[in-house]
Amino acid sequence: MPPVPIPGEFEQLVLLTVLRLDTDAYGATIRREIETRADRRLSISAVYTTLERLEQKGLVRSWIGDPTPQRGGRRRRYFALTPLGERAMKSAHETYTSMAAGLEHRLKAIR
Amino acid sequence: MTRLLLALIRLATPRADREFVVGDTVEEFDRIGQADGAAAARRWLRGELWRVLAAAPAHHLAARARRQIARQDRSGTSIAGDDIRHPLDWTTLATDLHAAWRGLIAGRGTTALAFAILTLSIAAGTVTFSIVDTVALRPLPFTSPESLVAVSMVSDVNGRTTPAAPQDYLAWRARGITAFEAMAAALPGRQLRLEGNDNESFRSRRITSNLFDVLGVHPFAGRFFSPEHEQPGYDGVAVLSHDLWIQRFGGDPGVIGRQVTFIDVGNQRATREIIGVLPPGVTYPITAGQQEPAAYVPFIPTEAEQSYAGGRSLSSWVVGRLRAGVTLQEAHTEIEHVTAAIDTFPQVRSDRIAVMSLHDRVVGPAKSWMLLALAAVGLVLLVACVNVASLLLARATVRLKELATREALGASRARLARGFLFEGLILSIAAAVAAVAISFWGISFAKSQLPAELARTDTIGVDARVLLVSVTVSILCGLAFASAPAWLASRSHLAALTKAGGAVIGGRRSARTLSAFLIAETAFVSLLLVATTLVTASFVIVTTMDLGFDRRNVMSIEHRKSFVQVPEADRHVAAAAFRADLLERVRAVPGVTSAALATLGGAPLSGGRVKYSLDIPGLGETPREDMLETRAVTAGYFETLGQQLLAGRTFDTSDRAGAPFVAIINDEAQRRFFPDRDPVGQVVTFQGRPTTIVGVLRSMRLDGPEADVQPELYVPIDQPFFRSSISSGTLVVRTAGPAPAAVHAIRGAMRPVLDGAEPSQTSFIDDSFRLLTASRRLNASVMTFFGLVAIVVGAMGVYGTMAFVVAQQVRAIGLRMALGASTSHVMRTVLLDAVRHVATGIAIGLAGAWAVSGVFASLVFGVTTTEVGVYLAVAGLVALVSLAAAFVPAIRAARVDPLIALRSE
């Protein structure tokens, strides 16, 4: 089994979003999800750049959907986590929660 | 608007992701439009464009990395950058540039050679253009310079254009020239210095009060003259040129209104109020050597300047502002008409009026020179381009296999062609940068070499215009020479070529183009060399011409001596005593071998002349065109100049007042007036006095090598031919060593007898000669330089091409040798191949030179532009150099080992 790569911070945000959106994960929805949840302005290019990188690392895979009328007949490129991506996200999350364990109150108290 | 923004976002996105990115953007745009309204959506889209642009580089890098991985997965190899169907992608462009760069580095030798050739020729072009631009193309620093007109005189003797006479100007002004809105003049004033500043003198100019109004110049500070300043007694004012104001007054604005004392060369003081300062860079007249700092003072005509009686000095730079709708021709006709009506001139005019635009007057003398230099530089650039093109083409042919491989792997031909264009562009832009750097040095060198007659040279420099032109020229060059290999790459069926044995067929195809290049290059070089030879031959003819006197180690010093206080009856005696005294003192100076005095005409080559007619028995008064250049001289004048006596005797000290009147003529006068008799002993009438001709001298070329000899007349200065005794004279001195070394001592010896006045204007006849021949010298050095560059570059081209041809034919040569061809036969074949092309090129080049030879007629002296010898010499030289260049490849061909050659491919 290959070693699990450790995704970067923004990569983790994208991975979590793709996981959450499940079968509806493509550029526009991923961007919208991050913009609303993480409350930050993103360009679509930044999303694609990250997805591109994640795909090269083997953490996500992509496929091209059928043309849809609501975007002028243009196709969507859908994304999903690969098993390696799922493991990477899981390990990243475990690392994060174990590191943060017992600190929740103190972190909440910081204004 | 929305569409445009979307299109921009699309363009900024890597091709592979465009559809999805645009789709996502449209989806989001619609969503925001439904939720918050169309205006909010549009605002969002504008912001999105900027965000996309900011993120684009990272996106492209990521996309590119993915493509490479994908390709490696497909083929197991990496072929960087050959993205086949999408030739105009950012990344592929970057890749292509990078590949072109690597290609240039790989062919280091060729690249360095091409770079050197290009840098040299572009630098030559940049320097030449910056000079031509400043001197000729830029407008004059006046308001509406196109309606400014210069009124000048053109000498009948040597065709030179000179300023007009003050007498003429005053007459024109008095009668009024209706073709002009206004007319003004500037005359040279005395050299001045400031009180308390003993060393540095500067020029002054006497100008009419309206000069700067006519030119449309506004004061930098203060004001300019008004008409009342032209009244005697009200002229105690001065205007400073900007650089004089900076240098002598530290740019102090408080100088306006100050009274300043100026001291002239005759030690006379004059206090003037400074009333204004000119803007920087403005000067009038604009002519060579006149751009140094100057003070302008009002022009108040002297008595001599108002009357034609004492002759005319051609010193007034007259400028007029042409009335709207009036042509130069009309102005000319009117001025001629007015002049004809007032002409009460006792001596005959030996010049005519010329009316031309002020710009032509300023640029005129340099025009032919600049055309020549531009043409030469153009030819050198052409040769360079052809050369670099054949170098790159030869290399492209060698790279044919590589190209075929890339094509087979999917690179489009356009893509391959683009690679060559990029190589060409990188090369030419790099060369342009280096060339501009060299030009800074080249321009300062060229400035020091420019002829004195060229105006505005001090402002020559590299500026935005020059940079623009040289960069444009180099990019055009780059595209031009890269187009040949690019064309090869785009047209060849590369894969087919490779199968058929590659290099041979590709070689044959490009060999045809190479032949054309070789012919073109030889033709250009031959054409340029014909011009070079003609111009250089003219220079040699001019400088080695026998002037009829010895110009080395001779100087002339002008001086004045007033005899007004001597009673009129005694003046001749007093003047004779003064001259004897002066000559005795000068001859006593160590290093002086001989000295003499002359008056009326100046020293040879000085341009000063006075003409008189002679009454000859049997012929009568000599007509206008046969008037004699007359000088009154002391004994020893001819000996000092080294003038050769052909018959009779020269003057001696016994030719003085009271002795019979005598005169000497030259052989040109003998040819015209005494064609079939001996002039010596003939009695003629000069100035109403019966005069015996006692000698005949060899003619001098008084106006330099290019002017025709004129009839000359000499009379003894001590004999009273003229009613008034002469107060100004020219001392001519021959020294044993170089003349400049003795100047100080000689001037010192003159001072005690000049009543405190300074001897003025010292000139060395050798210097005058150099000045007269300066433009020929420049033409010759420019052409020799360009000619040398062209022939060196041309020889490199012949060498490169033949070396390539031999390399391409190694197998064929090997085969022939294996079949029994001798080495000398192989060599002969290669050389003959070269000869065929070179001879064609020479023939075309010489025919071209013959066809355009009329253009250089004005630049040539002493040879005709169709001189067969010149053409033969050029043909011989080009043939010789080309054959020498082809010799090395020929030897290489002869050394081909058939066994190795046949096995090689």
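A salt bridge is a side-chain nitrogen of Lys or Arg within 4 Å of a carboxyl oxygen of Asp or Glu. Keep that rule in mind for the first stops. This is a predicted model, where local features need pLDDT of at least 70, side-chain atom pairs count only at pLDDT 80 or more, and totals for chains, interfaces and linings use all residues. Residues are numbered from 1 along each chain as its sequence is written, chains are lettered from A and ligands numbered from 1 in the order in which they are written, and side-chain values use heavy atoms, with hydrogens and water left out.

**Stop 1: a network of charges**

Select Arg32(A), Arg71(A), Arg76(A), Asp24(B), Glu27(B), Glu28(B) and Arg31(B). Salt bridges link these residues in a network.

Now zoom in on Glu27(B). What is the distance between the closest N and O atoms of Arg71(A) and Glu27(B)? They are 2.8 Å apart, in a salt bridge. Arg71(A) sits in the loop between β1 (60-64) and β2 (77-81) of chain A, while Glu27(B) is in helix α2 (residues 18-36) of chain B, so this pair joins two chains. Helices (H or I, at least four residues) and strands (E, at least two) are DSSP runs, numbered from the N terminus.

Are these two partners buried or exposed? Buried means under 20% relative accessible area, exposed means over 50%, and partly exposed is in between (1.4 Å probe, protein chains only). Arg71(A) is buried, with a relative accessible area of 0%. Glu27(B) is buried too, at 10%.

**Stop 2: the interface**

Colour the two chains separately. Contact means heavy atoms within 4.5 Å. Here 23 residues of chain A are in contact with 25 residues of chain B. The area buried between the chains is about 2300 Å², and carbon and sulfur atoms give 52% of it. Buried area is the accessible area (1.4 Å probe) that two parts lose on being put together, summed over both.

How many salt bridges does the rule find across the interface of chain A and chain B? There are eight. Next, select α2 (27-37) and α3 (44-56) of chain A. These are the elements that give two or more residues to the side of chain A that touches chain B. The largest share of that side, eight residues, comes from α3(A).

Stay in chain A and pick Thr29(A), which lies in helix α2. Thr29(A) is buried, at 8% relative accessibility. Leave aside its neighbours within four places in sequence, and Thr29(A) is in contact with Leu21(A) and Asp24(A).

**Stop 3: salt bridges inside helices**

Over all chains, the count of salt bridges comes to 36. Select Glu48(B) and Arg51(B). Their side chains meet in a salt bridge (3.2 Å, N to O). Both lie in helix α3 (residues 38-75) of chain B, three residues apart, about one turn of the helix. Glu48(B) is buried, at 0% relative accessibility.

Now jump to Arg836(B) and Asp833(B). The closest N and O atoms of this salt bridge are 2.5 Å apart. Both residues lie in helix α24 (residues 823-852) of chain B, three residues apart, about one turn of the helix. Asp833(B) counts as buried, at 16% relative accessibility.

**Stop 4: aromatic rings**

Rings of Phe, Tyr and Trp (its six-membered ring) pair if their centres lie within 6.5 Å; planes under 30 degrees apart count as stacked, over 60 as edge-to-face and the rest as tilted. This rule gives 17 aromatic pairs over all chains.

Select Phe220(B) and Trp245(B). They form an edge-to-face pair, 5.6 Å centre to centre, with 65° between the planes. Phe220(B) is in the loop between α7 (211-215) and β6 (221-222) of chain B and Trp245(B) is in helix α8 (residues 242-249) of chain B, so the pair ties together parts that are 25 residues apart in sequence. Phe220(B) is partly exposed, at 44%, whereas Trp245(B) is buried, at 6%.

For the last stop, select Tyr612(B), Phe661(B), Phe686(B) and Phe721(B). Ring pairs link them into a cluster.
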